[in-house]
Amino acid sequence: MSMPTLKNDLAIMVLFTAAVLSAPLWLAPIGADYPDLLQKFAIYGIFAVGFNILFGLTGYLSFGHAAFLGVGSYTAVWSFKLLSMNVLPAVALSVLMAGVFAYLIGFISLRRSGIYFSILTLAFAQMCYNLAYSVLTPITNGETGLQLANDDARVIDTLFGISYDGLPSTTLFGLEMTGYPGFYFCAVLLILGFFLSLRIFHSPFGMKLRAIKSNQTRMVYTGYNTKPYLLTAFVISGMYAGLAGALLAVTDPLAGAERMQWTASGEVVLMTILGGAGTLIGPLLGVGIIKYFENIFSAMNVQQLTEMFAFLPDWLGKIAVTLTNPFVGEGWHLTLGLLFMLIVIFLPGGVMEGMRRIAAIPRKLKQRAVPKPTPATEEK
Amino acid sequence: MTDQKNKPGVSRRGFIKTSGGIAAAAAMPAFFVRNAWAEESFINNPGNAKTVKLGFNVPQTGAYADEGADELRAYKLAVKHINGEGKDNGLLETMQPLSLKGNGILGKKVEYVTGDTQTKSDAARASAKRMIEKDGVVMFSGGSSSGVAIAQQSLAQDMGVVFMCGLTHSNDTTGKDKRRYGFRHFFNAYMSGAAMGPVLKERMGADRRAYHLTADYTWGWTQEESIKSTTEALGWETVEAVRTPLGAGDFSQYITPVLNSGADVLILNHYGKDMINSLTQAVQFGLRDKQVNGKTFEIVVPLYSRLMAQGAGENIAGILGSTNWNWSLQDAASRAFVKSFGAEYGFPPSQAAHTCYVQTLLYANACEMAGTFAPWEVIKSLEGFEFDGMGNGPTLYRADDHQCFKNILVVEGNANPSSQFDLLKVVQEVPREQVTYEPDNPMFAGGDLGPYKV
């Protein structure tokens, strides 16, 4: 297998860019075209793409990636409070800070592999969560969450004589980062992040990470020291998480400790596995599915279901509503769980495997329709 | 010339394609910004539509799910009454002054959407944004945690959509974190302190030593501060105030030191599951059977709720606390509400349900008074609104901080409940004057409501 060239990558990127930027249009029919959900798609997309660099390539399953997400958010909000409402310093600092945390946690956790590695990362993330929740309340404001205040310093803004009346919003040189502008900012970063991940997947570095996944011992015997590669992958994916955390704060300047909870770490694992770990697009599909469920399914109620089944005869409609009601609204976790079970059992490679199977159907049909070429033609 | 094919770099075609894509994308926001040119317009203006939407954002999962479920029942009931579709008219019969006609709001039928806050600020804000951006609500409401309420209230200000707080008891909600677009009907920690002071003095005397256990977040902090200032004014001494992490589960390590501290009153600034656990453990440790400094050891739970009392079982017998409202009140409005809620669901409402129901009616009534859904006009008609017949006697929505001032209750755990709902006995209905404070009270200092138009 030859390495795909930059040119092939560019073709993928053009398609990807078009798809992401036109998301508000093609998501409209399923009711997912409002700014907040679009932002969430893009932000958690970045998170999952980064997580996939570690899990998809090296096979190291981190159960503590939410810690970096939280670190990113807190750093970003502090940057808004102390430096400037401009999002660029916030994003840069958050990525750096998450990188530092990832280096420290990775340095220790990567001494072990397999389940021990997962448990170590989980333990570190829980430590971060508890610190943020109750020990470091002066920095994190505990359960209430870190928020902006009118009397924040904002040194850089003051230096340039920018003042705000009322509570300020995050800006990119004057463009407010809420609603659609916020989404496009996240989308551009998602595209850049995806491009970087694409290059990593197709680089010699990515190849070495894959080698670690397939057989680390053999790699060590050939003379490679695997530790630096693993640590680099861990730090890079931590920085992606930091970026995602920063963007959460950019689109909504508030950081809460629950972002670091183990459920948040578990969510990104679910997303990646649901979509297809180790594939490029898979994690993004997983993000789409989970966030769609969380935001749209959880909000359906009897009233809406009745409207949905209005085309059926009255009695049949009532039965349909009664049958579907437990699976929407409060029951959205149930639906998600069922879907997850079905995918893990029947499509271990996630949604991407399903797509590959569907794509293979025409080819199979063709093979059946056209008799196998005779040996004579083959010899020619 | 060298072969260009394998040289990495951007091809001309690729460059043109990409830049075209970016240009289209850059132009896109302009198509989506609604009403960017209209000056007096506001977000989610129902215009000529026949219906108007409200959003009810309550905890449906997690530690406060019971309370959230009860709040949702109350909201649904309020919508029925506003639309004139209920079995009776509920508090529309008793509210004074009343502008609502029982035909929706301003002739538009009320519809609602619901959401799950999961008792997390993040999830609550995401859910609220969905209601505002996708469903187009003109008002959203909900509660159970002050942290979550404060987070939603600041979102309300950012987006320009009114938020009617449900259950939130922290002073900060209408203190340092108050917002022009946020309104609170529920009472607060300061009021709990002011109401309980005289009762504590009468029952326990002026010479006591108090020990606080406090939930470590905005509500716990402000309640500890409020109760401390009340009890210290009585002449009590505060031995120590210990912060406990939220959701600790096991409080034994915090309760053991109380035994040897020389304190004779334990004040539990806990709520929900924390309160159930800490109170149960304190009773199991035998605190209430002890004699310290020649007095019987007492426990006080400043914020009580019937749902929590259910969880703590018989441990609550005789323990003092305060609530916003209780279903056993005998005024016409309370009876009407209990009757109407009971007819719909078969059991009496909680105080959370009461405050949420009242908030929905108040918002609807304010729109009717203003004659428009424009939020700044609705806010102006709520500010300084004086009303009666909602279960707490004459009530004022103060303009300075958007806090309601009304009678509140001091209650104690019922030793001999006559039913599974009859858990709290009203000790005193504390008059509004006793719990009123000046807007510049230091416990509420530092906030700013912000502008009417955002």
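This is a predicted model: local features need pLDDT of at least 70, side-chain atom pairs count only at pLDDT 80 or more; totals for chains, interfaces and linings use all residues.
To colour the contact, pick 39 residues from chain B and 38 residues from chain A.

**The interface**

Next, show the side chains at the interface of chain B and chain A. Three salt bridges are found across it. Select B:Arg125 and A:Asp252 to see a salt bridge between their side chains, with N and O at 2.1 Å. Side chains of opposite charge can pair when their charged atoms come close. The interface of chain B and chain A also has six residue pairs in polar contact, both residues being at pLDDT 80 or more.

Which elements of chain B each supply at least two residues of the side that touches chain A? Select helix H1 (12–32), strand E2 (109–116), helix H3 (121–135), helix H4 (146–159) and helix H6 (218–234) of chain B to see them. The largest share, eight residues, comes from H3(B). By type, the residues on the side of chain B that touches chain A divide into 15 nonpolar, 12 polar and 12 charged.

**Chain A**

Now hide chain B and keep chain A. Its secondary structure comes to 18 helices and four strands. Along the principal axes, the C-alpha atoms of chain A fill a box of roughly 85 × 70 × 40 Å. Of the 380 residues of chain A, 53% count as buried. Among contacts in chain A with a separation of 6 or more, 76% are between residues 24 or more positions apart.

Zoom in on A:Lys291, in helix H13 (residues 282–295) of chain A. Is A:Lys291 buried or exposed? A:Lys291 counts as buried because its relative accessible area is 3%, under the 20% limit. Show what surrounds this lysine: leaving out residues up to four places away in sequence, A:Lys291 touches A:Leu37, A:Lys40, A:Phe41, A:Tyr44, A:Glu267 and A:Met271.

**Chain B**

Switch to chain B. Its secondary structure comes to 13 helices and 17 strands. The C-alpha atoms of chain B fill a box of roughly 100 × 65 × 40 Å along the principal axes. Of the 454 residues of chain B, 59% count as buried. For contacts in chain B between residues at least 6 apart in sequence, 72% join residues at least 24 apart.

Select B:Leu279 in helix H8 (residues 272–284) of chain B. B:Leu279 is buried, with a relative accessible area of 0%. Apart from neighbours within four places in sequence, B:Leu279 is in contact with B:Leu268, B:Ile299, B:Ala312, B:Asn315, B:Ile316 and B:Ile319. Then draw a distance from B:Leu279 to B:Gly193: the two are 86 residues apart along the chain, and their C-alpha atoms are separated by 19 Å.

**Backbone details in chain B**

Most residues other than glycine have a negative phi, and most peptide bonds are trans.

- Select B:Gln96 and B:Pro97, which are joined by a cis peptide bond with omega of about -15°. B:Pro97 lies in the loop between helix H2 (65–83) and E2 of chain B.
- Go to B:Leu106, in the loop between H2 and E2 of chain B. B:Leu106 has a positive phi of about 50° and is partly exposed, at 28% relative accessible area.
- Move to B:Gln118, in the loop between E2 and H3 of chain B. Phi of B:Gln118 is also positive, near 55°.

Over all chains, the structure holds 28 salt bridges. Select these pairs in turn.

- B:Asp135 and B:Arg130 form a salt bridge with the closest N and O atoms 3.4 Å apart; B:Asp135 and B:Arg130 are buried.
- B:Asp177 and B:Lys176 meet in a salt bridge at 3.4 Å, N to O. B:Asp177 counts as buried at 13% relative accessibility, whereas B:Lys176 is partly exposed at 43%.
- B:Asp401 and B:Arg398 meet in a salt bridge at 2.8 Å, N to O. B:Asp401 is buried, with a relative accessible area of 2%, and B:Arg398 is buried, with 9%.

For the last stop, select B:Asp207, B:Arg208, B:Asp264 and B:Lys295, which salt bridges with shared partners join into one network.

Key. Residues are numbered from 1 along each chain as its sequence is written. Chains are lettered from A and ligands numbered from 1 in the order in which they are written. Side-chain values use heavy atoms; hydrogens and water are left out. Contact means heavy atoms within 4.5 Å. A salt bridge is a side-chain nitrogen of Lys or Arg within 4 Å of a carboxyl oxygen of Asp or Glu. A polar contact is a pair of N or O atoms within 3.5 Å; within protein, one must be able to donate a hydrogen and the other to accept it, and residues adjacent in sequence count only if both atoms are side-chain atoms. Ala, Val, Leu, Ile, Met, Phe, Trp, Tyr, Cys and Pro count as nonpolar, Asp, Glu, Lys and Arg as charged, and the others, Gly among them, as polar. Buried means under 20% relative accessible area, exposed over 50%, partly exposed in between (1.4 Å probe, protein chains only).
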